[in-house]
Amino acid sequence: MQLRKLENPVRSDLKAEPQMSDASNPIVTDGRAEVAFKPGAGFAALDHLYYRDPMKILFPRPMAGDLVTAVLVTTSGGMVGGDHLAFEGRVRAGASALFTAQAAEKIYRSAGPDCVMSVDLAAEDNGWLEWLPHETILFDQARLRRKTSVSVTGSGQVMAGEIMVFGRLARGEVFATGLARDAWDVSIDGRPVWRDALHLEGDVLRMLDHPASFDGARAAATAILVGQGAEDKLDIARDCLVRASDGLMETDVLCAATAMKGIVIARFMARDPMKLRRVYGAWWRQFRHETRGLPARLPRLWEI
C-alpha cells in the first residue's frame, strides 16, 4: 500500500510577502487526492492514498452490510477563481467502494479566472465504484469548468452522479452570470461510449428561465450506471424514478432515464433544489439496491 501526503496549500507568483494577494497576483489553491482500493477480508482494503492541501481523505466506519467508504474533504471551504481541484478514485479487480464528500462544494464569485475541477473514476474487472458527492453550489458570477472521466474494464461497474445548484436561493441570489461547464467522458475497455457537456456562459439567467431550456429550474443533476450490459437496467432505473417521486407533484421534479450500449443515464431538474435532492437520493438508494443488491440507503453524511 502506498501512502503519501504533500502539503502544498497555495500557488502564488508573488516574490515578496507571499501571504498577501491582489487582483493581479491572486493566491489560488491546487489540491489533489487519490484513493484506490483492492479486495480485502470482508471489506475492500486501502491500496493507494495520496492527497495535498486543501484536500484530505477520511475513512468513516462502514455501516453494517455496506461498502467501505472514502470521504473527500476540501478544507478551503470552497473554490475561487483560478483554483484547481483534482480527485482520482479507483477500485482494483474484485473490489467495491463508495466515494462521497463531506459537504456541498461552493464555487464563489470570480473576478475572471475559471475554477477547474477534474474527477477521474475507474473500476477494474468485477469491481464496483460509487461516486456520490453532495451538490455543487454556484454563486452568482462564479466560473467553473468540471470534467468527470469514467473508465471501466471487463465486468467492472461505476455508478456516478453530480448535482448542480444555480445560486444561493435562501439568500435570494441566483446564478445570473458566469460560467458553468460540466463535462462527462465515459469509456469501457478503452472505447468511448458516452460524452456529454452542459455549457452555460454569459447571460445564464436567461437560459435558466427560458421555457425551452431549464424553464425556471434552479437545480439539475445527472446520474449514470456504466458497465457491460448496463443498458438492460433501464426499466429498473425508470421504475426507481417513479417511486422516488412518490408524494410530489408531477412538476416538482422533472426526471427521466435513457440508455445506450453500456450506460444508463438519469436526469433530474427542479425549481426547488431540496426537492431535487430528495428525489435524487431516493432514486440512488433504490437503484443501487436493485442493480447491485446493496442496502437501500445513503452514506451517513447524506442523512445529516
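This is a predicted model: local features need pLDDT of at least 70, side-chain atom pairs count only at pLDDT 80 or more; totals for chains, interfaces and linings use all residues.

Colleague: How many residues does the largest nonpolar core have?

Modeller: A nonpolar core is a set of buried Ala, Val, Leu, Ile, Met, Phe, Trp, Tyr and Cys residues joined through side-chain atoms within 4.5 Å. Buried means under 20% relative accessible area, exposed over 50%, and partly exposed in between, with a 1.4 Å probe and protein chains only. In soluble globular proteins, nonpolar side chains tend to be buried together. Here Phe87, Phe99 and Ile224 have the most contacts inside the largest core, and its residues number 54.

Colleague: How many residues are in the second, separate core?

Modeller: The second core includes Leu132, Ala223, Phe268 and Leu298. Leu132 is also among the contacts (heavy atoms within 4.5 Å) of Phe99, neighbours within four places in sequence left aside. The residue count of this second, separate core is 36.

Colleague: How many disulfides does the structure hold?

Modeller: A disulfide is a pair of cysteine sulfur atoms within 2.5 Å. For Cys240, the nearest cysteine sulfur is that of Cys255, 11 Å away, and Cys240 is in no disulfide. Cys255 is likewise in none, with the sulfur of Cys240 as its nearest at 11 Å. The number of disulfides is zero.

Colleague: What is the volume of the largest cavity?

Modeller: On a 1 Å grid over the protein atoms alone, a cavity is a set of points where a 1.4 Å probe fits but cannot get out; lining residues have an atom within 4 Å of a point. Grid points are joined across faces, edges and corners, and a volume is the space filled by probe spheres set on the points. The structure holds one cavity of 30 Å³ or more. The largest cavity has a volume of about 30 Å³.

Colleague: How many residues of the lining of the largest cavity are charged?

Modeller: The lining consists of Ile188, Arg191, Gln228, Gly229, Glu231, Lys261 and Gly262. Ala, Val, Leu, Ile, Met, Phe, Trp, Tyr, Cys and Pro count as nonpolar, Asp, Glu, Lys and Arg as charged, and the others, Gly among them, as polar. The lining divides into one nonpolar residue and three polar ones, and the number of charged residues is three.

Colleague: Where is Glu135 found?

Modeller: Glu135 counts as buried because its relative accessibility is 15%. Its contacts, leaving aside neighbours within four places in sequence, are Ala104, Glu105, Ile163, Val165 and Arg277. Glu135 is found in the loop between β10 (128–132) and β11 (136–138).

Colleague: In which helix is the place of Arg277?

Modeller: Arg277 counts as buried, at 15% relative accessibility. Leaving aside neighbours within four places in sequence, Arg277 is in contact with His134, Glu135 and Trp302. The place of Arg277 is in the helix of residues 273–292, named α3.

Colleague: How far apart in space are Gln286 and Ala244?

Modeller: Gln286 is found in helix α3, and its contacts, neighbours within four places in sequence aside, are Cys240 and Arg243. Gln286 and Ala244 are 42 residues apart in sequence, and their C-alpha separation in space is 8.1 Å.

Colleague: What is the phi of Asp189?

Modeller: Asp189 is found in the loop between β14 and β15. Asp189 is partly exposed, with a relative accessible area of 47%. Asp189 is not a glycine, yet its phi is positive, at about 50°.

Colleague: Which residues does a cis peptide bond join?

Modeller: Pro54 has its place in the loop between β3 (45–52) and β4 (55–58). Omega is about 10° for the cis peptide bond, and the residues joined are Asp53 and Pro54.

How values were computed
Residues are numbered from 1 along each chain as its sequence is written. Side-chain values use heavy atoms; hydrogens and water are left out. On a 1 Å grid over the protein atoms alone, a cavity is a set of points where a 1.4 Å probe fits but cannot get out, and a pocket is an open set with protein on both sides within 12 Å along at least five of seven lines; lining residues have an atom within 4 Å of a point. Helices (H or I, at least four residues) and strands (E, at least two) are DSSP runs, numbered from the N terminus.
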